[in-house]
Protein chains: 2
Amino acid sequence: MKKLAGGIDIGGTNTAIGLVDREGQVLATHSIPTRAYPDVEEFVDSVSAALCNLLEKVGEPCELVGVGIGAPNGNYYRGTVEFAPNLTWKGVIPMARLFEERLKLPAYLDNDANAATVGEMIYGAAQGMRDFIMITLGTGVGSGIVVNGQMVRGHDGFAGELGHTIVFPEGRTCGCGRKGCLETYVSATGVKRTIVERLAKSTDPSTLRDLPPEKLSSKTIYDAAMKGDQVAVEAFLDTGRILGLALANSVAYTSPEAIFIFGGLAKAGDLLFEPTIAHFEANLLPVYRGKVKVLPSALPDFEAAILGASAMVWRRVGEKEPAS
Amino acid sequence: MKKLAGGIDIGGTNTAIGLVDREGQVLATHSIPTRAYPDVEEFVDSVSAALCNLLEKVGEPCELVGVGIGAPNGNYYRGTVEFAPNLTWKGVIPMARLFEERLKLPAYLDNDANAATVGEMIYGAAQGMRDFIMITLGTGVGSGIVVNGQMVRGHDGFAGELGHTIVFPEGRTCGCGRKGCLETYVSATGVKRTIVERLAKSTDPSTLRDLPPEKLSSKTIYDAAMKGDQVAVEAFLDTGRILGLALANSVAYTSPEAIFIFGGLAKAGDLLFEPTIAHFEANLLPVYRGKVKVLPSALPDFEAAILGASAMVWRRVGEKEPAS
């Protein structure tokens, strides 16, 4: 009987669920709206039911051996989701235990950005790299750091919050309550703030002026830039300038072989990568110049976290008995 | 016969040399002026002669089994000192090989801040810690990062240059050719620049105004502050504010259990630690608050790097045959 692992990527909007074999083939996937479940137990029920449906879909006889979960503010050591601002469940949620009780199978949990990082390391462009950083530019900014071939988790399991390093000490107010965090500039939300600032400051013509606010997104800004809208182009230049600086600083910590950029905003391609790489190199300490690659992730957004989450299961098969 | 390791700490001004036993007892030490040897071969001869003299001094029969070297811009992987701005020898110096050839013994080299970090980890206040950061506030700012109980060296051996993270993108010009590096604010040199700036900006009375420039040092600034000189006190507040912010950012990378402050400026005690810790806590992402200790190193400046350098010998005894 084919053994499969469940990979679950809990996002603020959607939760992606997949079945993955030991070789990293994603055999079946499903998605449910996270916000539709204000009660976390109902959420766990729904995800578990989806996993069972997927098992039937696979067609051949197969067995689920465990689940791996990637979640915002996930704590690998404790299997908990703690005070996640973008989720409806407040406080400390013992997510891994809830899945173990429901499925009677071992469940492992990690921060969502770490799960994607592990996915990239095992199945993506970081294969064989011992030192790299992955940065996720989505609604917020997440990151995973690998040193000596190991995930950096820190003493409390919360390492790798590059989105909350302060790049401008008196800068933009951040959702975390502080000012000038990288996330306020280089996330999808950050780019929108940059556009609004630029539109307010100048009278330059821009198609984005006529857009109702709810239509303004990193996608519409990208489309405008590709059509030559100068305000949109400059917003990407601003973003690349700040991201390049922040990535150069991060090299001074762990001197990675490569930095992978991942998430919605990374789809802007050259519009983002060109200014980012130029400012990255310009801001690097001379000893690091020309040595560190800045690359897009090689995995589809949807798959990286599912793959990374499921990889926890294969790595730790037999290590843990489920709660019963 | 008692086996001993040589620990050599190459500094811009002085080179400290010590004999250390396996238990971390420093049995004898000596110091020579680094700048007196424009020829690196003569430097190696002089350090080697000093080691032989120290062996005689120990009194009991003993054998030198190898030497460990801490040096600015030292590359652990290659055993080289590369483009060190504060040393007279230019380019890439194969320092470990030079010592091996001269002493016919294995020689190991590391960055000076890393050597001090290893000293703290094995013999100092970081014993038993798997995740910590050590930051050296001297003429410049050095640092060593430990993750999962291992030194972070990066893919090229140059990780851990926190002194060259940019804290103010349009800030002070740094010796490295960029602007706003942490080192330009929180080193001994940085505090002097802060004083000069403050004296130029205000007309506040200060005993430091009458001091000839060559007498202005972190020590005289400290003495003035202790006597209530407000300009000096405020310079330390500025320093703590910026150091606290930078250390808070570094927690978002590796989430260490503790950060150790080391080097000349750390001797300012509360004058530096109080504002540093206050601004550190204020700038931490909420999830890290109240969890990360900021502490002085538990080792004398002189000993930490010698101990850390010699520890490389014990860790790697038998691993390497000397060049012959």
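Two strands are taken to pair if DSSP finds at least two bridges between them. In this predicted model, β5 of chain A meets that criterion with strand β6 (residues 80–82) of chain A, since two bridges join the two strands, which run antiparallel. One residue pair can be named here: G74(A) has V81(A) in β6(A) as its bridge partner. The pairing belongs to an open sheet of three strands in chain A, ordered β5-β6-β7 and antiparallel. The edges of this sheet are β5 (74–75) and β7 (92–93) of chain A; each has a single partner strand, so one side of each is left without a neighbour in the sheet.

Strand β2 (residues 14–20) and strand β3 (residues 26–33) of chain A are antiparallel and pair over seven bridges. Within this pairing, H30(A) in β3(A) stands opposite I17(A). Five residues lie between β2(A) and β3(A) in the hairpin, and G24(A), which is in the turn, has a positive phi of about 90 degrees.

The domain assignment divides chain A into domain 1, covering 2–117 + 302–316, and domain 2, covering 128–298. A distance of 27 Å separates the C-alpha centres of the two domains of chain A. Their contact draws 13 residues from domain 1 of chain A and 15 residues from domain 2 of chain A. On the domain 1 side, helix α3 (residues 112–123) of chain A supplies the largest share, five residues. By class, that side of domain 1 of chain A comprises six nonpolar, five polar and two charged residues.

Helix packing in chain A can be followed through α7 (residues 230–254) and α8 (residues 270–283), whose axes come within 7 Å and cross at roughly 40 degrees. Angles under 35 degrees count as roughly parallel, and those from 65 to 115 as roughly perpendicular. The helices α7(A) and α8(A) are therefore oblique to each other. Their crossing is right-handed. Residues of α7(A) that take part in the contact include F236(A), L237(A), L243(A), L247(A) and A248(A), while α8(A) contributes, among others, L271(A), L272(A), I277(A), F280(A) and N283(A). By class, the contact of α7(A) with α8(A) has 12 nonpolar, six polar and two charged residues.

In chain B, an open sheet of five strands has the order β11-β10-β9-β12-β13, with mixed pairing. At its edges stand β11 (150–151) and β13 (293–296) of chain B, each with a single partner strand, so one side of each is left without a neighbour in the sheet. Inside this order, strand β9 (residues 132–137) and strand β10 (residues 141–147) of chain B pair in the antiparallel sense over six bridges. Here I145(B) in β10(B) stands opposite I133(B). In a regular strand the side chains alternate between the two faces of the sheet.

How values were computed
Residues are numbered from 1 along each chain as its sequence is written. Chains are lettered from A and ligands numbered from 1 in the order in which they are written. This is a predicted model: local features need pLDDT of at least 70, side-chain atom pairs count only at pLDDT 80 or more; totals for chains, interfaces and linings use all residues. Axes are lines fitted to C-alpha atoms, for helices over the stretch in contact, and angles run from 0 to 180 degrees between N-to-C directions. Helices (H or I, at least four residues) and strands (E, at least two) are DSSP runs, numbered from the N terminus. Angles under 35 degrees count as roughly parallel, over 145 as roughly antiparallel, 65 to 115 as roughly perpendicular and the rest as oblique. A crossing is left-handed if the near helix is turned anticlockwise from the far one by less than a right angle, and right-handed if clockwise. Two residues are in contact if their C-beta atoms, placed from the backbone, lie within 7 Å. Ala, Val, Leu, Ile, Met, Phe, Trp, Tyr, Cys and Pro count as nonpolar, Asp, Glu, Lys and Arg as charged, and the others, Gly among them, as polar. Domain bounds come from an automatic or database domain assignment.
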